[in-house]
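These are my notebook entries on one protein structure. I wrote each entry after looking up a single topic.

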Amino acid sequence: MEIVRVSNLQKAYGDNKVLKGIEFTANAGEVIGVIGKNGAGKSTFLEILMTLKPYDEGNVLLFDKELRVLSTSQLEQIRKDISAVLQPTQFYKTLKVVELLKLFKAYYNSPVDIEQIIADFKLQPHRRKYFDKLSGGWKQIVSLAIAFLSEPKMLILDEPTTGLDPHMRNMLWTYITDYNKRTGGTVILTTHNMDEVELYCDKVMLLNEGINEVFDTTEGILSTGYKSINDFYLSKVSI
Ligand SMILES: Nc1ncnc2c1ncn2[C@@H]1O[C@H](COP(=O)(O)OP(=O)(O)OP(=O)(O)O)[C@@H](O)[C@H]1O
């Protein structure tokens with residue numbers, strides 16, 4: 001089943017044309033890595049998919065519906081099926097980790113067991129700490145745990161493993177892979193870590209000079225003679 005279909009997507013910030021005609025599709029159950037150099041437009045692309053940012057030209061269909069023509073209530077309906085990593089805000093200051101998880105569980109009306117999430121994300125030692133007292137990496141982990149609470153049909157993660165130590169990175173990828181197998185949810189993420197793309201992503205989109213220079217399966221890319229996805233990236237993208 002097709003979850004996302006993007007055609008000729010264009011977006012500029014003033015004179016800075018960032019996306020110049022992106023073609024992209026995501027099917028249910030796929031894990032897709034969006035790669036490209038700093039400033040290539042990855043976050044802009046994800047924010048459009050999250051329905052947070054307007055676009056100038058082209059079509060973006062989420063769950064078969066064109067975003068541009070949706071009413072506010074239709075957009076809200078679609079957002080229920082999407083989850084994204086929330087940025088830590090001032091609002092979390094007064095809440096402990098376990099309270100935050102309970103709050104979002106109630107907000108999403110989530111069937112997910114909080115104790116299970118705490119165990120899966122190794123949050124037991126931190127459950128009674130205030131969110132704003134956590135280290136950067138643990139804030140990231142809590143934000144990710146919240147994103148999974150709603151059991152979304154589509155999960156959008158902007159550099160989810162940046163700032164995580166190797167164990168936490170492993171833990172997160174295990175969780176993403178399990179979630180994907182268990183629920184058939186689609187995951188679209190950005191990362192600068194090409195080893196992670198090679199290990200865990202079904203498909204890769206390389207954003208370069210505003211277009212999807214390559215959009216293929218990870219296996220497809222490797223079968224064209226590259227030693228690794230890192231090798232592929234380095235030979236395709238110049239500084
Ligand atoms: N709100 C904004 N207003 C103006 N320009 C912006 C805005 N957001 C992003 N840009 C510009 O758009 C371009 C793409 O930025 P974006 O953050 O999408 O890239 P990215 O691929 O995610 O980069 P990185 O890998 O460094 O996170 C950059 O030139 C950036 O300066």
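This is a predicted model: local features need pLDDT of at least 70, side-chain atom pairs count only at pLDDT 80 or more; totals for chains, interfaces and linings use all residues.

Entry 1, contacts. I looked up how far apart in the chain the contacting residues lie. Of the contacts in the protein with a separation of 6 or more, 69% are between residues 24 or more positions apart. I counted two residues as in contact if their C-beta atoms, placed from the backbone, lie within 7 Å.

Residues are numbered from 1 along each chain as its sequence is written.

I compared the radius of gyration, taken over C-alpha atoms, with the globule rule of 2.2 Å times the number of residues to the power 0.38. For 239 residues the rule gives a value near 18 Å for a compact globule, and the protein agrees, with 18 Å. Along the principal axes, the C-alpha atoms fill a box of roughly 45 × 45 × 35 Å.

I called a residue buried if 20 or more other C-beta atoms lie within 10 Å of its own, exposed if 12 or fewer, and partly exposed in between, with C-beta atoms placed from the backbone. Buried residues make up 34% of the 239 residues. I found nine helices and ten strands; these are DSSP runs numbered from the N terminus, helices being H or I of at least four residues and strands E of at least two.

Entry 5, strand β3. I looked up residues 31-35, which form β3. Five of the five residues of β3 are buried. V31, G33 and I35 point one way, and I32 and V34 point the other way. I recall that side chains in a regular strand alternate between the two faces of the sheet.

I took two strands as paired if DSSP finds at least two bridges between them. β3 pairs in the parallel sense with β8 over four bridges, and also in the parallel sense with β9 (residues 203-208) over four bridges. G33 has a bridge partner in each: L189 in β8 and V204 in β9.

Which residues of β8 are buried on each side? I found T186, I188 and T190 on one side and V187 and L189 on the other. β7 (residues 154-158) runs parallel to β8, joined by five bridges, and L155 has V187 as its bridge partner in β8. From β7 the chain crosses through helix α6 (residues 166-183) to β8 in a right-handed β-α-β crossover. Right-handed means that, with the strands pointing away from the viewer, the path from the first strand over the helix to the second runs clockwise.

I found an open sheet of four strands, in the order β2-β1-β4-β5, with antiparallel pairing. Its edge strands, β2 (16-27) and β5 (65-66), each pair on one side only. Two bridges join β4 (residues 57-62) to β5, and L61 stands opposite E66 in β5.

In α3, the residues V97, L100, L101 and F104 are buried. They lie on the same side of α3, because they cover an arc of only 95° around the axis, the arc being that of the directions from the helix axis to the C-beta atoms. The cover over the buried residues of α3 includes α4 (114-120) and α5 (136-149). After α3 comes N109, whose phi is positive, near 55°.
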